[in-house]
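Please walk through this structure with attention to how its charged side chains pair and how its nonpolar side chains gather.

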Amino acid sequence: MEQKNTEELLKEKLRKKGLKVTHQRILVLSVLEQNDGRHMTAEDVYELVSADYPDIGLATVYRTLQLLWDMQLVDRLNLDDGCVRYEIGHLLKGDTRHNHHHLICRACNKVIPFGDDLLDDLEHHIEDATGFHVLDHELKFYGLCRECMTKQN
């Protein structure tokens, strides 16, 4: 998608959520969109945003990410490495299904997104059994990636 179209889409999504369209919000969303598939810390986002917009502060990036997460425009995940990470939101990308899952290698710490979601039956069972309607879930699998398995064998 060309840059102008991406910016217009982001502006439209912000307006639909009732948010003011600011340069900082567009920059943060653009960086996340351009790095889709990467699980970025606030510092990663700040480094890339500040390269083009040196006046932005790290605190502004943190506040912006929190606001965008509250509005479900970015997804936040904890990969148990002490850092909160962000990625462009699945709702922003037009995906009404759940987030993707993550496969985390215990040897090299590589994080592999996994898109298949086979938990629909479990969610229906939970709702039938308890009356609890699941809106979303996050699943992390820990193990060894293909490369690390090859090294071990």
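The side chains of E12 and K16 form a salt bridge, with N and O 3.3 Å apart, where a salt bridge is defined as a side-chain nitrogen of Lys or Arg within 4 Å of a carboxyl oxygen of Asp or Glu. Both E12 and K16 belong to helix α1, in which they stand four residues apart, or about one turn of the helix; helices (H or I, at least four residues) and strands (E, at least two) are DSSP runs, numbered from the N terminus. E12 is partly exposed at a relative accessible area of 38%, whereas K16 is exposed at 62%, given that buried means under 20% relative accessible area, exposed over 50%, and partly exposed in between (1.4 Å probe, protein chains only).

The model is predicted, so that local features need pLDDT of at least 70 and side-chain atom pairs count only at pLDDT 80 or more, while totals for chains, interfaces and linings use all residues. Residues are numbered from 1 along each chain as its sequence is written, and side-chain values use heavy atoms, with hydrogens and water left out.

A search of the whole structure finds three salt bridges. Another of them joins the side chains of K11 and E8, at 3.8 Å from N to O. These two residues are separated by about one helical turn, because they are three residues apart in helix α1, which spans residues 3-16. E8 is partly exposed, its relative accessible area being 35%.

A further salt bridge pairs K110 with E147, whose closest N and O atoms are 2.7 Å apart. This pair links distant parts of the chain, 37 residues apart, since K110 sits in the loop between β3 (101-105) and β4 (111-114) and E147 in helix α6 (residues 146-152). Both partners count as partly exposed, K110 with a relative accessible area of 33% and E147 with 44%. Side chains of opposite charge can pair when their charged atoms come close.

Which residues touch the most other members of the largest nonpolar core? In this core of 21 residues they are L29, L32, V45 and L68, a nonpolar core being a set of buried Ala, Val, Leu, Ile, Met, Phe, Trp, Tyr and Cys residues joined through side-chain atoms within 4.5 Å. The elements that contribute two or more residues to the core are α1, α2 (23-34), α3 (42-52), α4 (58-70) and β2 (84-88), and α2 gives the most, with six residues. Apart from its neighbours within four places in sequence, V45 is in contact (heavy atoms within 4.5 Å) with V28, V31, L32, M40 and V61. In soluble globular proteins, nonpolar side chains tend to be buried together.
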